[in-house]
Amino acid sequence: MNYSNFMEVSFNAISINEGFARMCVAGFCLPLNPSLDELGDIKTAVSEAVTNCVVHAYPKHNGIVKMRCEIEGNLLKIEITDEGVGIKDIEKAREPFYTTKPSEERSGMGFSVMESFMDKVEVENNLTKGLKVTMYKQVGNQLLKVENA
């Protein structure tokens, strides 16, 4: 059975919504029958991506974070996008321990954490329209029985 599905959600770039994003993606991928470890990995990666938007994307005003999740077979694809300030040097930002906010005690490990928990992470930058982080993970061994309505 080749299961396919998607969902999209938008929310304010405020820290309380990081937990909301975690729960949305966790519920969405349940038909893939993820292990607890896989579910934890996915939620942690989403937390990091959303937190990066909250902390870095909108330094002078409130903004919106968009999350789109797709399932094709056992592949979960998660896109987290913002329309904030973007990142001037993506390669530098992806280096472990690099942070632009050391005074706020940021560890600079966001992208490293995402990369360690997901199979693949892509980062696209547009300095006038923000950032898109796309993460991929093969999830579960077996699909739960999903009925088409």
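Modeller: Happy to! This is a predicted model. Let's begin in the middle: the largest nonpolar core has 36 residues, and those touching the most other members are Met67, Leu76, Ile78, Ile80 and Met135. At least two residues of this core come from each of strand 1 (4-12), helix 1 (17-28), helix 2 (36-57), strand 2, strand 3, helix 4 (110-117), strand 4 and strand 5. Helix 2 gives the largest share, eight residues.

Colleague: What makes a set of residues a nonpolar core?

Modeller: The members must be buried residues of kinds such as Val, Leu, Ile and Met, joined through side-chain atoms within 4.5 Å. Take Ile78 and its surroundings. Leaving out neighbours within four places in sequence, Ile78 is in contact with Val25, Ile42, Val46, Met67, Arg68, Cys69, Met118, Val133, Thr134 and Met135.

Colleague: How does the protein read along the sequence?

Modeller: The pattern is β-α-α-β-β-α-α-β-β, with four helices and five strands. Of the 149 residues, 44% are buried.

Colleague: Why is strand 3 called largely enclosed?

Modeller: Buried means under 20% relative accessible area. Six of the eight residues in strand 3 are buried, so the rest of the structure largely encloses this strand. Strand 5 is mostly covered too, with seven of its nine residues buried.

Colleague: How do you know which strands pair with strand 3?

Modeller: We count bridges, and a pair of strands needs at least two. Strand 2 and strand 3 are joined by eight bridges and run antiparallel, while strand 3 (residues 75-82) and strand 5 are joined by seven and also run antiparallel. Both counts meet the cut-off of at least two, so both are pairs.

Colleague: What lies between strand 2 and strand 3?

Modeller: Two residues lie between them, and the strands form a hairpin; in the turn, Gly73 has a positive phi of about 65°.

Colleague: What makes the phi of Asn33 worth a look?

Modeller: Most residues other than glycine have a negative phi. Asn33 is not a glycine, yet its phi is positive, about 55°. You'll find Asn33 in the loop between helix 1 and helix 2.

Colleague: Is Asn33 buried, partly exposed or exposed?

Modeller: Its relative accessible area is 37%. That falls between the 20% and 50% cut-offs, so Asn33 is partly exposed. Asn5, in strand 1, has 32% relative accessibility and therefore counts as partly exposed as well.

Colleague: Which residues does Asn5 touch?

Modeller: Not counting residues up to four places away in sequence, Asn5 touches Phe28, Cys69, Glu70 and Ile71. Asn5 and Gly73 are 68 residues apart along the chain, and their C-alpha atoms are separated by 9.2 Å.

Colleague: Why is Lys129 called exposed?

Modeller: Exposed means over 50%, and Lys129 has 53% relative accessibility, so Lys129 passes the cut-off. Look for Lys129 in the loop between strand 4 (120-126) and strand 5 (130-138). Leaving aside residues up to four places away in sequence, Lys129 touches Asp82, Glu83 and Gly84.

Colleague: Why are Phe11 and Phe20 called an edge-to-face pair?

Modeller: The structure holds one aromatic pair. Phe11 and Phe20 form that pair, with 5.9 Å centre to centre and 80° between the planes. The distance is within 6.5 Å, so the rings pair, and the angle is over 60 degrees, so the pair is edge-to-face. Phe11 is buried at 7% relative accessible area, whereas Phe20 is partly exposed at 37%.

Colleague: What makes you say that a charge sits over the ring of Tyr136?

Modeller: The charged end of Lys120 is 5.7 Å from the centre of that ring, and the distance cut-off is 6 Å. Lys120 is listed as sitting over the ring of Tyr136.

Colleague: And how confident is the predictor?

Modeller: The average pLDDT is 82, and 74% of the residues score at least 70.

Methods: Residues are numbered from 1 along each chain as its sequence is written. Side-chain values use heavy atoms; hydrogens and water are left out. Buried means under 20% relative accessible area, exposed over 50%, partly exposed in between (1.4 Å probe, protein chains only). Contact means heavy atoms within 4.5 Å. Rings of Phe, Tyr and Trp (its six-membered ring) pair if their centres lie within 6.5 Å; planes under 30 degrees apart count as stacked, over 60 as edge-to-face and the rest as tilted. A charge sits over a ring if NZ of Lys or CZ of Arg is within 6 Å of the ring centre and within 35 degrees of the ring normal. pLDDT is the predictor's confidence in each residue, from 0 to 100.
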